[in-house]
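Biologist: Could you show me how to read helix packing in a model? I would like the general idea before the details.

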Amino acid sequence: MEIETLIRQMGDKLEKEGFEKTYEWAVQITKKYQNCNMLIWQIAVMLDAGRITGACGNPEQYDEQINAWYEMVLQDENEEIQYHAADSLFGFYLRKKEYVAAEKYLNYFSEHDPMKKIFRARLYKEQGKTEEAYKTIEEVLLSQSQTLGVTFSFLLSMALKEKDFDYGRVLAEKMGALAHTFEMGKYSECSTMLDVVYAEKNVEGTFQVVRQLLENVESIGDFSGSKLYRHLQFKKNARWNADELREKLLEGFHDETEFSYMKGYEPWEKLVSK
């Protein structure tokens with residue numbers, strides 16, 4: 001609460017008294033609360049924004065102090081505070097075109113954090129390394145499509161377990177839309193609804209979804225030819241065979257135990273016996 005009060009007070013000072021007087025006030029506050037790194041980081045960010053937007057006459061004269069605050073906060077044990085400080089320092093040196101210094105702060109980001117790759121792509125872009133920037137950001141795009149897919153699948157499994165079929169259908173539709181947006185191929189767009197119609201024991205729905213799956217097996221690898229990922233190189237799977245996969249799918253759909261509710265439905269019998 002005390003931090004929030006001080007930050008509001010600082011905002012009022014910036015608006016009414018200007019940058020220079022607020023800066024002097026901020027120096028005193030950081031001395032008074034020298035162990036409160038979250039407060040110091042927020043003060044630095046607000047002053048940093050002022051020097052970026054030109055709220056002060058000579059922004060460079062404040063660089064040393066603001067960056068000293070960031071560096072101090074960077075030593076905090078709290079990873080979230082470290083992350084914020086590294087983010088701010090990365091942005092500062094990127095604006096200054098000091099790329100070696102900027103890259104150093106990427107070490108504070110986890111290799112599993114997509115923001116690290118996004119920042120690296122920004123660095124490549126500023127350095128004129130256009131191909132590397134595209135490749136890096138496309139890797140993030142592909143990775144996030146997979147993460148979102150897993151997330152929605154988990155939600156869908158929960159909804160179907162609770163027999164909330166309406167919600168399940170909404171989720172499956174969203175998953176299909178995501179597959180379309182990320183250009184995963186028609187097979188991926190259709191497959192999202194299979195769990196729903198199976199859980200509902202929906203005869204007509206199952207027939208339509210399975211028919212679409214069998215018709216679109218060849219599209220499974222379509223993302224590798226998408227313009228969204230044109231700077232990525234994909235290994236060709238020598239063992240990939242659409243006909244073999246179609247046969248395996250038909251073998252599964254022939255299972256009279258799993259799909260007993262489809263027995264006697266003539267269009268289904270013709271479809272799976274092809």
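**Reading a helix and its neighbours**

Modeller: The buried residues of α5 pack against α3, α4 (63-73), α6 (99-104) and α7 (114-126). Helices here are DSSP runs (H or I, at least four residues), numbered from the N terminus; contact means heavy atoms within 4.5 Å, and buried means under 20% relative accessible area with a 1.4 Å probe, protein chains only. This is a predicted model, where local features need pLDDT of at least 70, side-chain atom pairs count only at pLDDT 80 or more, and totals for chains, interfaces and linings use all residues. Residues are numbered from 1 along each chain as its sequence is written, and side-chain values use heavy atoms, leaving out hydrogens and water.

Biologist: How do α3 and α5 cross?

Modeller: Two packed helices are described by the angle between their axes and the distance between the axes. Here, the axes of α3 (residues 37-53) and α5 (residues 79-95) come within 10 Å and cross at roughly 20°, with axes fitted to C-alpha atoms over the stretch in contact and angles from 0 to 180 degrees between N-to-C directions. That makes α3 roughly parallel to α5, a label for angles under 35 degrees.

Biologist: Is L74 buried or exposed?

Modeller: L74, in the loop between α4 and α5, counts as buried because its relative accessibility is 2%. L74 touches residues including A85 and L89. Although L74 and A85 are 11 residues apart in sequence, their C-alpha atoms are 5.5 Å apart in space.

Technical notes:
Helix = DSSP H or I, 4+ residues; strand = E, 2+ residues; numbered from the N terminus. Parallel < 35°, antiparallel > 145°, perpendicular 65-115°, else oblique. Buried < 20%, exposed > 50% of the residue type's maximum accessible area, 1.4 Å probe, protein only. Lists of a residue's contacts leave out its neighbours within four places in sequence.
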